Structure formats: C-alpha cells, structure tokens
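Have the structure open and follow along.

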Amino acid sequence: MALAHTKTRTPRPREGLLLPRPALLAAVQRALDHQRVLLISAPAGFGKTALLTQVLAGQPDEVAVAWVALDEGDDLGRLLDCLFIALEAFDPPWRTAPEGLRDAALRGGAEVVTVADAMLNALEACEVERGLIVLDDAHHLVDAASLQFLDRWLARMGWRWRLVLAARHEPPLRLARLRAAGELADLGPAELALARGEVGQLAQAAGLDEAAATELYERSQGWPAGLRLVLNQGGQRLPAAIDRATFDYLAAEVLDRLEAGLRGFLLRTSVLHELDAARCQALGEDAHAAGWLAEMERLALFVTVVDLAPHTLRLHQLFRDMLQQRLRQEQPDLHRQLLERAAVLETDALRRQGLLLAAGRPERAAQLLLADGALLMNQLGAQGLLDLTRRFDPGFAESSPELHRVKALALWVLWEAQQAEWHLGRAEALFLARGDEAGLRAARAHRSILLIAQGRLNEAEALLRDLDPFALSGELRRMTLLGRAWHALESCRFDAVAPLFDALVTELLQSASLEAWYTGSPPPRQISCLAMAPVVDRWYRGAVQVLGERPLPFGVNAHMAQAWNLFWQGRLAESQQLLARAEADAAWFGRLVIARNHGQALHAMLDLIAGRHEEALAMMRLRLAEHVPGYGAWGQWHASFFMARMAAAVGDRDALAEGLERLVRVGADLPDLVMPHRPQPLLGLQAQLAALQGRRDEAIAGWRGLLADGESGDLLGQLAEARVRLAAALLEQGDRAGAAEVLAPALARREPGGLLWAVPRLLQVAAQDWGDLLDAGDLARLRGWAEGLRPATQAAAAAAAAPLDDRLSQREAEVIAQIAAGASNKHIARALDLSPHTVKRHVANILDKLGLNSRGEAAAWWRDRQASTRPGTLA
C-alpha cells in the first residue's frame, strides 16, 4: 500500500487554455515575496488551482516547491504523509523518522506541537534558499489535530519558507494575529473573479457582441467555471444566474453533446481519482483510453494535468461530482461495480477504503484492512491503523469481527492488552454467530495471547486446548504456537518454552512475509529460558533476512531481542553494540514502548555488571514508573519482579524489602487461580533479603527451597543465580563438596545466563581451587566466563575515553563524506547501495552524535576534520 503519488505532484500549466491575468499573477507574487502565508479562499470553480499552477511555473529554479493536494477525508496523518513525500526532494535532516513523527502526532495533545516544531526545525536546516509549501483544497482538513498542527506552523514558520493555503472557504485557523502583523495575504472571490474587461475579452473571442458580454458578466459575476461552460455552449442562451446549480445543468448539457464514446468514457472513469491510460484500461476501458484522455484535454473539459509520464489527468471536483451523480442515476449497478474495480486498482489504503464504502461494501473494506493490517502497521503506525477503523459507520464497526481484530492488533502494539483482548472477545462472539470457523479459530488464538499477557492463564489454556498447532497451517499455526510458548512461560514451565519457540521459528522460516514475523519477537524473560540461545540466534538470522534494508519498527524489536540473547550468553560487548543499534533505530522511529522497556532493563543489567549500582537501580525505577497501565497488573507484577531482582543484586536491602511488599500487593489483584504459579520466584528474593540482613541460615534454606521446586522458580535465570549464591555461602561455611554439588548444574549450560545477576559471586567461585570436585570441562567453562566478564567492568570508562573521531561508525563516515561532496540522500543511497530510508537514519545519527543541526554543518565538520588530519598539518 502507498500514497497516491499524484497527491504530491505539482500540476502543470496548460498552454493556450488560460486567460492571461498579469495583474493577478503579480499580486500573488508580491504576497509570496513579502508575506509568510498566502490564503486563497473562494468557492469551487474560481480557478484557484489553475492560478497556483501558473504562479509556480514562473518561480526561479532555486525556489523549492512542495505541493500537497488534499482530498475529502484527509486528516493529520494523511497531511503528514503527503508533506514527508513532497519535501523528500529537499533532503530535510530529520532527527526522527517521518513514520515516527507521524505516529507521535496521532497520539494528539502536546505531541502534535512537538512534531510540528520538529518538522519546522528540519525545514530551517534544509539547504534551500527559499521554499513554498502549497496545500491545495485545504478546506478538507477539518479534524482538530490538523488545525492544531497548522496553527503551530502559522505561528512558528520562519521566513525562508512560505505556506500557501487554497480552500473553498477560510479554514478555522488562528489567522487574526497574522493579518494584524501584516504576515498574511488574502485573495478571495473578489480578486479571483474575472473582471468586466476580462469577461469582454473571452466573449469577443467567442464571437459575442459587447451587449452580450456585459450581460454575461452581470449574470456570472466573473465566476470562471460558469463562464467557461456558457461559452462552451456558444453563449446563445444565457441563464438568469450562473451558480452551482447552473453549473450542474450546463455541465450535463455539455456531457450530452459529446460524442457517445467520450461521454461513456467520462461517466465510467469518474470513479477514479486520477486518470491515465493504463488505469482506465484496467478499469475495463478499451485501448482507445489514451485517445479519450487527449481529447478531454483538447476540449478543456475541466481537467488538470498532474503528470506527463504517464500522461495523467485529474477531473475538477465540480465536474467529477456531476459525472458520478449522472452515473448513479443512469446505471446504479454499474456505478457500484466500477467503484469496486477502482478499489482493486487503488494503492492508497484510505482511497481504497473510501471507494469500497461508497460502493456499499464495508464488509470487503474490513476484510482487506485485516489482511493488510500488519503491513499498514509498519507504514502508518498503530495510531494510523486505528484511524482507518474509525472511518467506518459506528454501527457496522461494532458488528464487524474483522474490524475488532484490526483494533486489537493496533492496541496490542501499543501495549493496551486489556482493550485489545476486549475487542478480540467481541470478534470471537461475532465470528461464532456468523458460523465462520476459520475466523473464530484465528480470533481465539490471538485472544489467548492477550489473556496470557493479563495473567488469565486458565482462560487462555481453555482456548489453546482446542487448537492443535500441528493440525493447523499458516497464520493460525504460528499464532497457536506463539500462544503455547507464552503460556508455558507465564505458567512457569520454563523448560518447555524453547521447544515450542523452536517449532514457531521453523514455521516462520518458511515464510518471507514480514507480516508473519511481526508478532514473534521474544522478550528478555523468554530469551533467558533454558536452551533458548541457539533458537533465538536462528530466529534473529531469519528476521534480518526478511527485513533486508527496510528500516521498520520490527527491526528495532529484532535487534533488541538479539542484544538480550547475546547478553545472556555473556557476549557483553556484542550485546552493547546491538543495543546501541536498536536504540538508534528506535530514536529514529520515535516512541516505541516495547523497545524502550526492554532497552531500559538491558542498560540496567549492563550497569550492574560494570559495578554502576546506583545507575542500575535508577534505571529500573524509571522503567517501573513508565509501566504502561494498559498492560495490567500482570505486566506490573513482572516489572516489579525485575526491579526487586535488581535491588537484590546490588545489595539494597530497603529497596528489596519494598519490592517484595509490592509483589505481594500487586499479586493480590491477579486472578486467584493463577497465583499458585507465582510464589516460587519469590523464594529467591526472600533468600537474598535474609542474606543481606545477616540471616544466613534462612538464606541458605530459601535458596535450597527454590532449587527443590525446579523449573517453576527459574524466572529470568533465577535458578542459576541461586546456585552460585548458595555455593558461595557454603564455601564460607567450609563445605566445598556441597558447594560443588550445588554449582555443577549451572555450569552444564553453554552460557552463563542467570549467573550474570551475581558476577561478584561468579568471580569468587571461579577463583576457588576445586580439585576434582567439578568436572574439568565445567570448570574451564566457569573460568572462561569469569575471564570474559572482568574486562566488562571497565567498559564504561573505556567508552567515555573514546576519541572524538570514534563517534562515527565506518558507514556513517562514508555517508558524511558523501554529504560533504554535495550528494543528495538519493545519490548517497545509490553510491553506497543503501535504501533512502537507511541514508536518512544515518544522517540523523550523524547530526545527533556530532551535535550539529544541518547537512551543511555536517559537511563543514567533515571538511575541517579532513584538513586537520592531512599529512603535514597540525591536528
């Protein structure tokens, strides 16, 4: 799915078909030279678009022009989409991905102002002398968020850029201050209407005498569209007045006088937003489509040329409305069929949906929205996907299981688990009432995961019991395997997680579809389970292959998951590098809740290992404070558990005691039947609190009790941590044999895992002389882990001491060198074999790392650096 490219193409002037109006053109140019904002406000048919087309054609080459043609139903999200595409040619140095800015703006409130300011900053940093941003048909923007955004632009836009608004009526913006300050130029019907002399020129050219010209002016009051129709009729029968009703009447007469083939072509193709030969033929027209388009332009049938390759026309909305009304009246069944065919051809999601709704096919629109849900999620963000669901009739939306599933998909990404599950419950009931078995199974599989996310494990188990993944296929098998893996995790059956996730990865590797991979990113506590490391490695390789060079939010989650996987394997330097990449990508995309949550926890763990205990605890407190309410008490329990584990690891008795109290308090709000699964993990925390309070025997008993319960206590690698802490305690009592017996199972794993919660104890036991009490291979593994961890404690200091030149990666250095050579983003993409989106992300990283504001500053920095490092120069 994509935005229609014609929405951001500047229309082309039609030579010889427009009356020269030098005085009006001069007035517009004066406004562009001396005012920040130009408002052209007049009813339909006053030639607003034609006027702007002539003005823009006369601008010098150094003036950047960004054109946006707005349609009915466009809102802030669509406006931003169009602006990002229209401004692309001028390489704005975005600091956040346009997709991220869009998603932030759609959250509303203060975020709209923040995004407006971010875009203005990028505009000011563009390497252009002057720029014009034109919003044609701006009256279509009626949502409060769009008006809030434009008000901010009107108030803050600098003088290098001008904003031009063309609308059928004055939009409800805060224009009074601009008028009072002389920063707004107004052109209305009085200025756009043809003057008496201009009407006389047209009448004379049509063979009318002066008296007829005078009467024509009096009745039309200079309305260009009405005048053109009257003159096309020969001007012999003048109506009493020339208004919208007259236009419809005269336009219908013009249509009836056309050659039958052209008349039918116009009626049938009026369902299309833009007309080109290939699209018209795909709609069902014959090979003469190109000829009809040329004839339409020759006859000046209220068309605008929006592209030359391919030759593309747009009908004036007045004329198109009349044609569609006639088609509905004369051939209603054909009209509905053509709307459906046009929807199949449409690549713009909103237009496609509008065509199907106009055809009376909301159910088909909902089905397609569900089918494309994951794809649209990546393109529009969760808020954008929710916005599409709001455009349906509320009664239909409530009765559509497909729309409930789409809403659940978007809310899930926003971590609104409770709302998402409610919508899936409605979808389940509606599919059941419809007798749609496939839809019912899909809703149940999806809902089981949301129930698990809320800790409602028994309900989820009941749904999953009837879904045998190996008797299913495709999305349903993947969703069911994912649900079973999550259920095993949350039921404390940690050893069962890896086999189930491995089966899911096998299914995913058979699909190259990003949509199939989108919901399978494993969280840190799943990655910490026994035998997960090689499975996550395999999952990550597949995810990277599916992603390719596409910069998508799913990539952030994939890199973050692998960063955690590397951490649990003790590969800390690699983990830090991948964490930095994930966070750089996340910053580019804006607010990604899940990535931020998982990144905060990983930063805290790395701080813990480096000995930065205050920083680690502060990060976990921030993570807990930012807990998303929609994730419910179950999510809060897990966030509290992680926080308490960190307090235990850094030796903060008060914070640990507070954490345990919070876990008990939050646990009381969880379903009663779930809680028997949860007490075991608390034994480890209680044992550590006893140790910190000097109650050694109680601590030892608590650790032994945890180990006796087996896998049910192994949340976030707690069994391995308990083993190394118990082994250290037994060594202090002189019980080396008992310590070796307790420690050995933790050393049989191929990665340190939960031992990383207690690095000082790991280093302590690694330094012991175990004789033959430990297997030689296990002992070598233990000492290898210890050796690998010692440099990590100095990692922060080494990073802080890195020289200035090391701030840029090799790829970023290549990109900034290209910028210094004057290359645009598109040229850099071709030169370095990257996608344009990847280049934009690198530019944002470069500006952030170097503390610069524009591409020009980056180019100057690079040239200065190169000069200072040439042989024979002083650095």
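Let's start with Ser528, which is buried, as its relative accessible area is 4%. Keep in mind that this is a predicted model. From there we'll move on to rings and charges.

**Around Ser528**
- Ser528 sits in the loop between α29 (524–527) and α30 (532–547).
- Leaving aside residues up to four places away in sequence, Ser528 touches Trp568, Leu716, Gly717 and Arg749.
- One of those contacts, Trp568, also belongs to a ring cluster: ring pairs link it with Trp564, Phe567, Phe642 and Trp757.

**Aromatic rings**
- There are 15 aromatic pairs in the structure.
- One of them joins Phe84 and Trp94 edge-to-face, with 5.3 Å from centre to centre and 90° between the planes.
- Phe84 belongs to helix α3 (residues 76–87) and Trp94 to the loop between α3 and α4 (98–105), so this pair ties together parts that are ten residues apart in sequence.
- Both partners are tucked away: Phe84 is buried at 7% relative accessibility, and Trp94 is buried at 3%.

**Arginines over rings**
- Trp757, a member of the ring cluster, has Arg645 over its face, at 4.3 Å from the ring centre.
- Arg36 lies over the face of Trp159, and here the distance to the ring centre is 6.0 Å.

**Salt bridges**
- Side chains of opposite charge can pair when their charged atoms come close.
- Searching the whole structure turns up 61 salt bridges.
- Among them is the one between Asp256 and Arg326, at 3.0 Å from N to O.
- That bridge links distant parts of the chain, with Asp256 in helix α12 (residues 244–257) and Arg326 in helix α16 (residues 317–330), 70 residues apart.
- Asp256 is partly exposed at 45% relative accessibility, while Arg326 is buried at 15%.
- Arg662 and Glu658 form another salt bridge, their closest N and O atoms being 3.1 Å apart.
- These two are four residues apart in helix α36 (residues 653–667), so about one helical turn separates them.
- Arg662 is buried, with a relative accessible area of 15%, whereas Glu658 is partly exposed at 46%.
- In helix α42 (residues 776–789), Arg781 and Asp778 are three residues apart, so they too are separated by about one helical turn.
- Their side chains meet in a salt bridge at 3.1 Å, N to O.
- Elsewhere, salt bridges with shared partners join Lys7, Asp71, Asp74, Arg78, Glu274, Arg314, Asp348 and Arg351 into one network.

Note on methods: Residues are numbered from 1 along each chain as its sequence is written. This is a predicted model: local features need pLDDT of at least 70, side-chain atom pairs count only at pLDDT 80 or more; totals for chains, interfaces and linings use all residues. Side-chain values use heavy atoms; hydrogens and water are left out. Rings of Phe, Tyr and Trp (its six-membered ring) pair if their centres lie within 6.5 Å; planes under 30 degrees apart count as stacked, over 60 as edge-to-face and the rest as tilted. Buried means under 20% relative accessible area, exposed over 50%, partly exposed in between (1.4 Å probe, protein chains only). A charge sits over a ring if NZ of Lys or CZ of Arg is within 6 Å of the ring centre and within 35 degrees of the ring normal. Contact means heavy atoms within 4.5 Å. A salt bridge is a side-chain nitrogen of Lys or Arg within 4 Å of a carboxyl oxygen of Asp or Glu.
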